[in-house]
Amino acid sequence: MDESKVRLRALDLFMGLGFLAVGAFVVYDGFLAFYATQMATVERSSNPGVTSIFIGGLMGLLGLVIAAIGLLGSLHPLRIARQAVSETLQSKAFYRGAIALAGIAVYFFVFWDRIPYAISTFLFLAGMMTIFKAGAWWKIGIISGGTVAVVWYVFGVLAMIPLP
Amino acid sequence: MGFEQIMVEVLKTLNLEFIFLIAAGVFIGLIVGALPGLTTTMGIALLTGITFKFSGHSAIALLMGLYVGGVSGGSLSAILVGIPGTPANASSIQDGFPLAMAGKAYQAITISRMASIIGTVFGIGCLAFLTPLLTELALKFTSAEFFLIGLFGVLISGALTGGDIALKGWVAGIFGLAIGMVGTDELTAWQRMTFGSPELFGGIPFIPIMIGFFGIPQVIEALSDEQDVLVAVLDKTKVKMRDILKYWWVALRSGLIGVGVGIIPGVGEDVASWTSYGVAKKSSRHPEEYGKGSIEGLVAAETADNSCIGGAIIPLLSLGIPGSPPAAVMLGAFLIHGVRPGPMLSFEFPAFTYQAVSWLLVATIFMRFFAMWLAKPMQKILQIKNAILMPIVTVFCAIGAYSLDIRFIDIALVFIAGILGLLFKEGKYPAAPLVLGIVLGPLVDTNFRRALKASGGDFSIFFTRPVSLILVISIVLLILGQLGVFGMIRSWFKKSKPAAA
């Protein structure tokens, strides 16, 4: 098996375990509904817990099988994961992706609803374009300002959506 | 409703306003589809936010225009830069890009456009003919059948798009079903997996999830990559329709494959075009030309992905089950605008199917002209740096999600769905079954329990009705087939034969 496949299998182990955990939670939520006192008068067959247990159980089972395939396919998943993580941390693409994600997170969770739309969006666009070297500063300024104006006109004026 | 009344209703929604909206949809779709990183699914999800204040029919007409434009637009970048604008056009690269590199880019674009028209019109014809038939059949379905169709849809979508392992497609679909079940239960008002958050009582909103799931990973991926694209030069070769009609048999077969794949819930255009391309190559007299600029191959790929549009809308309108990821997002838009697809649609809006047919036909006409006019400007647009385009896409993702309900939680959901999308991409988990699962979650859940309630908790209701039984058998065969049981049986027979001899 080639190295990329082995790495994929190692990831399968962790993602399979993730699905197993989510499935277990869905089953747990189903049991909560099944034994809730508010549901005492509801027929067992119409209880929402029925589907939760069915869907959660199925997801957990599939997650378990994927995790098993991952374990068998990678044999040493922890070692492979450590190696993959250390290699990824050295790659330039990872840092570019991480910066992009951090920029989006700042725009969504820090700027949004706290700073007026026009300022926050201009700051985000100009900042991202500068970081990723989109061109000269005046070009970035014009494109960012133009985009803010167009979005404000289309959404705020034409579609009458109250922007933050 | 008589033919005359239907025609009156159809003409009511073919006025200047609708024609303008469809044209705008096709135009936006062509650009969205052509830009690598922006898919048709994401375009529909983003535009749904803007259409929030439109009337139901006009919003849907606009989105249908975008659907047609988006699927066709993807071939422009596939041919000009060798990167598919949408997954549906990945197979068009095989022969479209080599043609462009041989100095025949304009010829390739014209051929793909004509094939797109043939495919779209074929799909629309099937939509007009098959939707009423399937609706008629669906009216006889009970909750048991709807539950099994939903489950079968998620499983077959998972099996056909799974790629690496079919199980990945299944778990993605089941995960989608679980997400679709979050919120207040329709039958008992019990709150499921809401963590006590009032914002989740109404369920997890579909559009922000789709925007995040498809948009954010593309933004991150594009910004991680420093490479900019090389664009092919356009030639001036003229192509006539009769040059394409030489391949009428390939086009017809591809159209049928496209519609067939389209009808299968949640599979979509990419599977249709690859299947059609594979079949065409296998049955071709010149398979060696495939991948080197074969016109036949380009016709096969482009006809199938476009005929899949009509095919995907057939189960959407008749059963309320979308045939492709863009159709799934469209279902979300339908519901937002008060149009509930499914068998009852023929009673609530009797002319709707034919109105949809007319909108799609108008969209096809606009697609024909816009795609050719846009070929030259697209050369320039495709050279826009990712560093400029992707931050702008992010702003649209945020505004598109926020504009639906003006809530901050939708922005947070875009981000969470984006992280999930990145994980899915990294682990090679398909998106289509997840999308279908989220859309079908409430349908599967409520129909499962309604069926059990009707039978007094007796599970035999899923086996004793003929359609249910066929669906159960299909599900079992599908699972066994994907687990390789039939292969094992075949090889066991092969081994035992020589031993007996």
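Predicted model: local features only at pLDDT ≥ 70, side-chain atom pairs only at ≥ 80, totals over all residues.
**A walk through the two chains**

Is A189(B) buried or exposed? With 11 other C-beta atoms within 10 Å, A189(B) counts as exposed, because the cut-off for that label is 12 or fewer.

D113(A) is not a glycine either, yet its phi is positive at about 75°. You will find D113(A) in the loop that links α4 (92–111) to α5 (117–131) of chain A. Here 15 other C-beta atoms lie within 10 Å, so D113(A) is partly exposed.

Staying with chain A for a moment, notice that the chain is split into domain 1 (3–89) and domain 2 (91–158). The C-alpha centres of these two domains of chain A are 36 Å apart. Even so, the largest nonpolar core, with its 212 residues, has M59(A), I22(B), L63(B) and I174(B) as the residues with the most contacts inside it. That core takes at least three residues from each of domain 1 (3–89) and domain 2 (91–158) of chain A.

Now to the contact between the chains as a whole. It involves 56 residues of chain A and 50 residues of chain B. On the chain B side, α8 (166–180), α9 (206–224), α17 (386–405), α18 (408–426) and α19 (432–454) each provide at least two residues. Which helix gives the most to this side? It is α17(B), with nine residues. Sorted by class, the side of chain B that touches chain A holds 32 nonpolar, 12 charged and six polar residues.

Finally, look inside chain B at a pair of helices, α4 (residues 56–80) and α5 (residues 90–101), whose axes come within 7 Å and cross at roughly 50°. The two helices of chain B are therefore oblique to each other. On α4(B), the contact is made by S75(B), A78(B), I79(B) and L80(B), and on α5(B) by S92(B), I93(B), G96(B), F97(B) and A100(B). Six of the residues in the contact of α4(B) with α5(B) are nonpolar and three are polar, with no charged residues.

Notes
Residues numbered from 1 in each chain as written. Chains lettered and ligands numbered in written order. Axes fitted to C-alpha atoms, helices over the stretch in contact; angles between N-to-C directions. Helix = DSSP H or I, 4+ residues; strand = E, 2+ residues; numbered from the N terminus. Parallel < 35°, antiparallel > 145°, perpendicular 65-115°, else oblique. Contact = placed C-beta atoms within 7 Å. Nonpolar A, V, L, I, M, F, W, Y, C, P; charged D, E, K, R; others polar. Core = buried A, V, L, I, M, F, W, Y, C linked by C-beta atoms within 7 Å. Buried ≥ 20, exposed ≤ 12 C-beta atoms within 10 Å, placed from the backbone. Domains from an automatic or database assignment.
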